Amino acid sequence: MTRCRWADPNSEIYLAYHDREWGRPEHDDQKLFEMLILEGFQAGLSWLTILKKREAFRAAFDYFEPAVVAGYGPEKVEVLMADAGIVRNRAKVQAAIQNARVFLAVQEEFGSFDRYLWGFTGGEVILNTDDMFHTSTELSDRISKDLKRRGMKFVGTTIIYSFLQAVGVVNDHELACFRHPNHLS
C-alpha cells in the first residue's frame with residue numbers, strides 16, 4: 001500500500017493519523033477547534049511530538065470545548081504550565097484561550113466555524129493534482145490574515161495551511177497515495 005512519503009512506516013501513530021484522519025473533510029466545530037489549537041502548539045516542533053501528546057492535550061484543555069477554554073483564567077494557565085504532558089509554552093497557552101474567544105465570536109457571526117472556514121472554498125475541497133510541496137497558498141494567506149484581524153494568535157499562513165491539510169479543506173495526499181481520491185472507490 002502506497003502512502004504519502006511523510007507517513008513514516010515505522011510509526012504507528014503517524015500511519016493511523018495519515019490513514020484515518022489527515023486530509024478528510026472535517027465539519028465538526030469542536031474537532032476543527034482542536035486541530036486549530038494543536039497546529040498552533042506544533043509551531044517550531046514536529047507534528048509527531050504533538051500527536052504523541054494529543055491525549056494529554058485533550059484532557060488538559062477540556063477536550064477542546066471552545067466555551068470552556070475561552071473561560072480559562074490565570075489559575076488554569078498555571079495548571080497548564082505545570083502539565084508535563086503537553087507543550088508548556090505560555091504564549092501558546094494564552095493564544096489557545098484567546099483563540100477560543102475568537103472562535104466563539106466566529107461561531108456567533110457565521111452560525112458555525114465550519115460555515116466560516118468552508119466558506120472560503122465554497123464548500124469544495126482543494127485537491128492536490130501535481131504533488132507540489134506547499135507550505136502556504138493564497139488561500140492560507142487569506143484565512144490567516146482574516147483570523148489575525150479577528151484577534152487570533154499562532155495562525156500564520158504556514159500554520160493555517162497545515163490546518164487546512166489536516167481538516168481536509170486541502171487534500172494534499174500524494175497522487176500515488178492510497179488516500180488520494182483517485183484511488184478511493
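The largest cavity has a volume of about 50 Å³, where a cavity is a set of points, on a 1 Å grid over the protein atoms alone, at which a 1.4 Å probe fits but cannot get out, and a volume is the space filled by probe spheres set on points that are joined across faces, edges and corners. The model is predicted, with local features needing pLDDT of at least 70 and side-chain atom pairs counting only at pLDDT 80 or more, whereas totals for chains, interfaces and linings use all residues. Residues are numbered from 1 along each chain as its sequence is written, and side-chain values use heavy atoms, without hydrogens or water.

**Cavity**
- The structure holds one cavity of 30 Å³ or more.
- The residues that line the largest cavity (those with an atom within 4 Å of a point) are L36, I37, G40, F41, K92, A95, A96, N99, K153 and F154.
- At least two residues of this lining come from each of α2 (29-42) and α6 (90-110), helices being DSSP runs of H or I with at least four residues, numbered from the N terminus.
- By class, this lining comprises six nonpolar, two polar and two charged residues, with Ala, Val, Leu, Ile, Met, Phe, Trp, Tyr, Cys and Pro counted as nonpolar, Asp, Glu, Lys and Arg as charged, and the others, Gly among them, as polar.

- The largest pocket contains about 580 Å³ of space, a pocket being an open set with protein on both sides within 12 Å along at least five of seven lines.
- Its lining has 22 residues, of which W6, W22, F133, H134 and Q165 are the closest to the pocket centre.
- Two or more lining residues are given by each of α1 (12-20), α2 and α9 (157-166), and α9 provides the largest share, six residues.
- The pocket lining divides into ten nonpolar, seven polar and five charged residues.
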